[in-house]
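Please load the model in your viewer and keep a selection panel at hand. The tour below moves from one selection to the next and says what each one holds.

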Amino acid sequence: MKIIFSDDQDEVKVPKEAVALLKQGLQAVARLHKLSAKTEVSVSLVNDEVIHVLNKDYRGIDRPTDVLSFALDEAEEPQEIGGPETHLLGDIIISAETAVRQGREYGHGFNRELVYLGVHSLLHLLGYDHMNKEDKAVMRQEEEKALQIIHLSQADLDRSTGKEDPDHFALAVVDADPEQSVKRGKQKVTSAEKIKPVKNRKKSDINDMEGEKTMGRKNGKATDKTIKKLFKKALKTRENAYVPFSKFKVGAAVLTKSGDIFTGCNVENSSFGLTVCAERVAMFNAAAAGVRPGEITMLLVAADTEDVTSPCGACRQVMAEFEIPVIVMANVRGDMKTVSLEELLPFSFKAADFT
Ligand code: THU
């Protein structure tokens, strides 16, 4: 497989070994999937700002993410780009800054995080997904197979903790952090344009790691931790639900940019239509404390449902008003599914529509 690699960011000084390992990881996937030498994939490292722009433009999620996979729809233009025999898979865009952060948070370092993100993203380009448990398990297995080849599998990492089989320690690359020059205030969006050569990127072809972390990616801590906190608080407030009619208790929590958490539970009324859902109570609690649209980064809702609890239409409209980019739907057993506002309420009515 041909890998077209470019480092389009200045924030992180990426070690040569990291790039070499990334390429090895991708080639391992290629070998396992018997991809031909004519297969091409482009990999670009960008900064958080650029991936934020792409995440917002293509997925409607207004924040940076770790990796985005842009699948090429070959049927539309194979000849134009690489001749009829070239098999163009698409683009992998990785935020080096987020990889540094996550590598540190997960405790396995930048190199392994970079390779993991690349392998994960390439598998997306090959059609793997993690929308449901079964697909996720299959995708995870494929990741492990590829990472095993280059001795960076989860099993290798577990061994590297020294708990068992210490002989393998050297095989797992647990590196030092690369240098990260902080350039706040002088950020430039140079590569957003540069990395758009693929003409037929489609929203539907884009994947990232969203959901993975909430669904319990091994070692996933940062986002998991925040979500767990929201979950705990939502469950606690759920106990206060006033539900004499439905007996169906719901809890919700919202997280603001400044790190504050506001919670809510459903409050019913004998004039049934006056009942207010837990999500709206949480959002209105935040509003009453002065929180305004654009300041809530995440909402979590949980109830005792078989599958995860899905917010009602009215609450979705209020979420749109508050521009909440990420919604975590959970149940009391801790099953979770993360979706974007755009997914929950496409074509929503916004203030901009009448102003
Ligand atoms: N409910 C919520 O609190 N949130 C939802 O997303 C769905 C429904 C409440 C309203 C009512 O008290 C009960 O669940 C049954 O509809």
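This is a predicted model: local features need pLDDT of at least 70, side-chain atom pairs count only at pLDDT 80 or more; totals for chains, interfaces and linings use all residues.

Residues are numbered from 1 along each chain as its sequence is written, and side-chain values use heavy atoms, with hydrogens and water left out.

**The ligand site**

Next, display the polar contacts, which are pairs of N or O atoms within 3.5 Å. A polar side-chain atom of Glu-268 lies 2.5 Å from a ligand oxygen, a polar backbone atom of Ala-278 is 2.9 Å from an oxygen atom of the ligand, and for a polar backbone atom of Cys-312 the distance to a ligand oxygen is 3.4 Å. On its own the ligand has 370 Å² of accessible area, of which the protein covers 78% (Shrake-Rupley method, 1.4 Å probe).

**The aromatic pairs**

The structure holds two aromatic pairs, a pair being rings of Phe, Tyr or Trp (its six-membered ring) with centres within 6.5 Å, called stacked if the planes are under 30 degrees apart, edge-to-face if over 60 and tilted otherwise. Select Phe-245 and Phe-272, whose ring centres are 5.3 Å apart and whose planes meet at 55°, so the pair is tilted. Phe-245 sits in the loop between helix 9 (222-238) and strand 6 (250-256), and Phe-272, 27 residues away, in the loop between strand 7 (261-265) and helix 10 (278-288); helices (H or I, at least four residues) and strands (E, at least two) are DSSP runs, numbered from the N terminus.

Then move to Phe-349 and Phe-354, where the centres are 5.9 Å apart and the planes are at 20°, so this pair is stacked. Phe-349 is partly exposed at 49% relative accessibility, whereas Phe-354, at 59%, counts as exposed (buried is under 20% relative accessible area, exposed over 50%, partly exposed in between, with a 1.4 Å probe and protein chains only).

**The salt bridges**

A search of the whole structure finds six salt bridges, each a side-chain nitrogen of Lys or Arg within 4 Å of a carboxyl oxygen of Asp or Glu. Start with Glu-142 and Lys-145, which meet at 2.9 Å, N to O, and which are three residues apart in helix 6 (residues 133-149), separated by about one helical turn. Glu-142 is buried, with a relative accessible area of 10%, while Lys-145 is partly exposed at 37%.

Select Arg-333 and Asp-304 next, with a salt bridge of 3.6 Å, N to O. Arg-333 lies in the loop between strand 9 (326-331) and strand 10 (336-340), and Asp-304 in the loop between strand 8 (296-303) and helix 11 (313-321), so the pair ties together parts that are 29 residues apart in sequence.

Finish with Arg-238, Glu-239 and Lys-249, which salt bridges with shared partners join into one network; within it, the closest N and O atoms of Glu-239 and Lys-249 are 3.5 Å apart.

Technical notes
A polar contact is a pair of N or O atoms within 3.5 Å; within protein, one must be able to donate a hydrogen and the other to accept it, and residues adjacent in sequence count only if both atoms are side-chain atoms.
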